[in-house]
Amino acid sequence: MTTAEAVPETALDRRRTDDVLLEVENLRVYYDTDAGQVKAVDDVSFTLRRGERMGLVGESGSGKTTMAMALMRLHKPPAVIAGGTVTLDGVKLLDLNDEEMRQTRLRDIALVPQGAMNSLNPVYRVRDQIVDGIKHHTPKGEMPGKEVVNERVYELLNSVGLDGNVADMYPHELSGGMKQRVALAVATSLRPKMILADEPTSALDVVVQRQIMLTLEQLQQEMQASVLLVGHDMGLMAQFADVLGVMYAGHLVEFAPIAEIFEDPKHPYTKKLISSLPDIQVKGTFTGIEGLPPTLVVPPPGCRFHPRCPIYNDDEDFRGEFVDLRGSLDTGLCTTVDPPLKEMEPRRWVACHLYEGDA
Amino acid sequence: MPWNYILSRVAMFFVTIFIASTIVFFLPRISGQNPLEEKLLEEAARGGFLEDTDEMVAAFDEKYGFNDPLWEQYVKFMVDIVQFDLGRSIFNWPKTVNQLLAETIMWTLALGLLTLVFAFVIGSLMGAVLEWKRQKTFLMVLLSPVLTLSAVPYYLFGLVLLLAFSFVWSIFPLFGGYSRGIAGWPDWSNWSFIGNVLWHATLPALSVVLVSLGGWAMGMRGMMVTTKGEDYMLQAEAKGLPDRVMFLRYGIRNALLPQLTGLALQLGLIVSGLVLVEVVFSYPGVGGLLVQAIPRSDHAVIQGIVFVLALGTALATLILDLIYPLVDARIKYSQG
């Protein structure tokens, strides 16, 4: 992994080039259930630049995985995309027909599955599972010969730190870390423009976790692909991501470069999230975020976070830090108006009534 | 393929056969009925009267060794079994059981294997497609009658078919494996004879296939539900694989594994499953023979048929054990 000092530099470099790869606009993904419509992803917008690494964090049920799956149109009923656009390198993904979308998967946008998943077909060798993806993205008759393909398989396996003989093994003969490496090899087999990694290191121990993340980073650098890393490990995000999106109850509540969001979180939820992280220099008790995420069938009126918001509720621990801010806050708005995501500075977005005046 | 695995499985096979033959030997003898007495009583009933029945039974018992101690009979039986000599039928004297089996077993095996394969392939495909598409297709409409039928016993459905297609509409023959009384038949090199056989086999086959279809379909559908929810299915879609490939190589390929176990087990049950169907359609198979032999205590025939059934089941299991690791790599050739 790049050293701590190097991270802001590369991030700054990337921010200078305003080359947007992925643009998500007002994306809505709803679940149609008997209990009513669950707005799992509600009006989410953000942009991701070429070669940029974005982290997406949020509690369980905040809609981050639903949104990630919807980006590849892998959402399953009862989930439906109720609106919005997803543009990948100029192509509107939601307008593609099924066959075009199929071609786009793996070739332009690839998925690295959750670490805990059995994402390999148990009855085929690793080789077959790398080759079938390539084969079904190569026009008929243009598939290179067996030797060329095998060479490519070994090359891919080596690029993720695996020995070539893994190609002839079955998934049950591999360890969790090796399986995840194979998944990385599959995901990068067509050099996609974008890699979507949904908790790629869940269920792996920290040593393997670090190795996998290093490998992912190395592949990303080499291909200059963009990465969307979904998870809830803030430490991992701090090490890996250039920009961070924070989701709460189906909304993207904050989006900012990683260093800025750690130094100066804007949204009260992000503030609580970051203050709940252990600090090696400060000895003391951690504060969690009280309460539970709201039900998305009947979300709280106004701002979805207000029932747990330390500022709205005038939480004593937070008063000192926010005393100035709260003075200008019209708390009536919190319970009536859902705050929109607003750009405070370039690439700093936040959805909170605290910053109404600044926008 | 490791040899010790194969050897242990083959050894298991012989142990199974040994135990099966032992049971086969003792079971008819528990009934306490004397086959010769049954035969002579039948003759007596036919002739009106037969003198000195008891002496005749005693004489025959002596001649055929039925008076020997049980263990001696058992040893003799086992020695014969090893040489595949299943003895002679008392009721179809002097035919050997081997001859009787040779005359009938191909009918049963052909009918049984064909219906099993048809039902397995059609049923499994139906179940797989039903779950894969999950939309209202014509298959959906077919499902309820097929499921209703699976609750009906073969022979009962066979009777209904017989009544409708042979008795009322006379489309298919009422009984038999082929039309009797035609010179030169059975002649397997004659196409019109083969056509005649197929024509006779249609209703018995239909009664089995239609009834067992639902079981295969439901089994496959259930497995497909599980397989569809597997992580590798999502990954296959994320890999941009075409629907056809996901269905065949990821869906069916995995969902089929438990179905194969069911298929192997059904292989061993072919003959016993067809007994009543053969009776209903007067089909010239092993089942009809068995049904004749049991009430007459024709020990040698019962023993012979049951032994062949046990042999078939054990053989099917052995073959499955040997090929399963080729189908599913997770199952190892290990001692177990």
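Predicted model: local features only at pLDDT ≥ 70, side-chain atom pairs only at ≥ 80, totals over all residues.
View 1. Chain A is divided into domain 1, made of residues 6-120 + 189-253, and domain 2, made of residues 266-355. Their C-alpha centres lie 24 Å apart. Where the two domains of chain A meet, 28 residues of domain 1 and 20 residues of domain 2 take part in the contact. About 1,800 Å² is buried between these two domains, and carbon and sulfur atoms give 61% of that area. On the domain 1 side of chain A, the residues that lose the most area to domain 2 are A:Met234, A:Tyr248 and A:Val253, which together account for 35% of what that side buries.

**View 2. Polar and charged pairs between the domains of chain A.** Three salt bridges are counted between domain 1 and domain 2 of chain A. A salt bridge joins the side chains of A:Asp42 and A:Arg304, with an N to O distance of 3.0 Å. Between these domains of chain A there are also 10 residue pairs in polar contact, with both residues at pLDDT 80 or more. Four strands of chain A, namely S2, S3 (53-58), S9 (243-248) and S10 (251-257), each supply at least two residues of the domain 1 side that touches domain 2. Strand S2 of chain A provides the largest share of that side, 10 residues. Sorted by class, the domain 1 side of chain A that touches domain 2 holds 13 nonpolar, nine polar and six charged residues.

**View 3. An open sheet in chain A.** Four strands of chain A form an open sheet in the order S2-S1-S4-S5, with antiparallel pairing. Strand S2 (36-49) and strand S5 (91-92) of chain A each have a single partner strand, so these two strands stand at the edges and one side of each is left without a neighbour in the sheet. Strand S1 (residues 20-33) and strand S4 (residues 79-88) of chain A pair in the antiparallel sense over eight bridges. For A:Glu23, the bridge partner in S4 of chain A is A:Thr87. The edge strand S2 of chain A is also the strand that gives 10 residues to the side of domain 1 of chain A that touches domain 2 of chain A.

**View 4. The interface of chain B and chain A.** In this interface, 22 residues of chain B are in contact with 27 residues of chain A. The two chains bury about 2,300 Å² between them, of which carbon and sulfur atoms give 57%. Two salt bridges are found across the interface of chain B and chain A. The side chains of B:Lys239 and A:Asp132 meet in a salt bridge with an N to O distance of 2.8 Å. Across the same interface of chain B and chain A, 10 residue pairs are in polar contact, both residues at pLDDT 80 or more. On the side of chain B that touches chain A, the elements that give two or more residues are helix H9 (231-238) and helix H10 (243-268) of chain B. Helix H10 of chain B contributes the largest share of this side, seven residues. The side of chain B that touches chain A consists of 10 nonpolar, three polar and nine charged residues.

**View 5. The two domains of chain B and their contact.** Chain B is divided into domain 1, made of residues 1-91 + 297-336, and domain 2, made of residues 107-295. The C-alpha centres of these domains of chain B lie 29 Å apart. In the contact, 14 residues of domain 1 of chain B meet 17 residues of domain 2 of chain B. The area buried between the two domains of chain B is about 1,300 Å², with 70% given by carbon and sulfur atoms. B:Ile305, B:Leu309 and B:Val327 supply 35% of the area that domain 1 of chain B buries against domain 2 of chain B, more than any other three residues.

**View 6. Helix H13 and the domain 1 side of chain B.** Helix H13 (residues 299-327) of chain B gives the most to the domain 1 side that touches domain 2, with nine residues. By class, that side of domain 1 of chain B has eight nonpolar, two polar and four charged residues.

Notes
Residues numbered from 1 in each chain as written. Chains lettered and ligands numbered in written order. Heavy atoms only, no water. Domains from an automatic or database assignment. Contact = heavy atoms within 4.5 Å. Buried area = accessible area lost by both parts, 1.4 Å probe. Nonpolar A, V, L, I, M, F, W, Y, C, P; charged D, E, K, R; others polar. Pairing = 2+ DSSP bridges. Salt bridge = Lys/Arg side-chain N within 4 Å of Asp/Glu carboxyl O. Polar contact = N/O pair within 3.5 Å; in protein donor to acceptor, adjacent residues only side chain to side chain.
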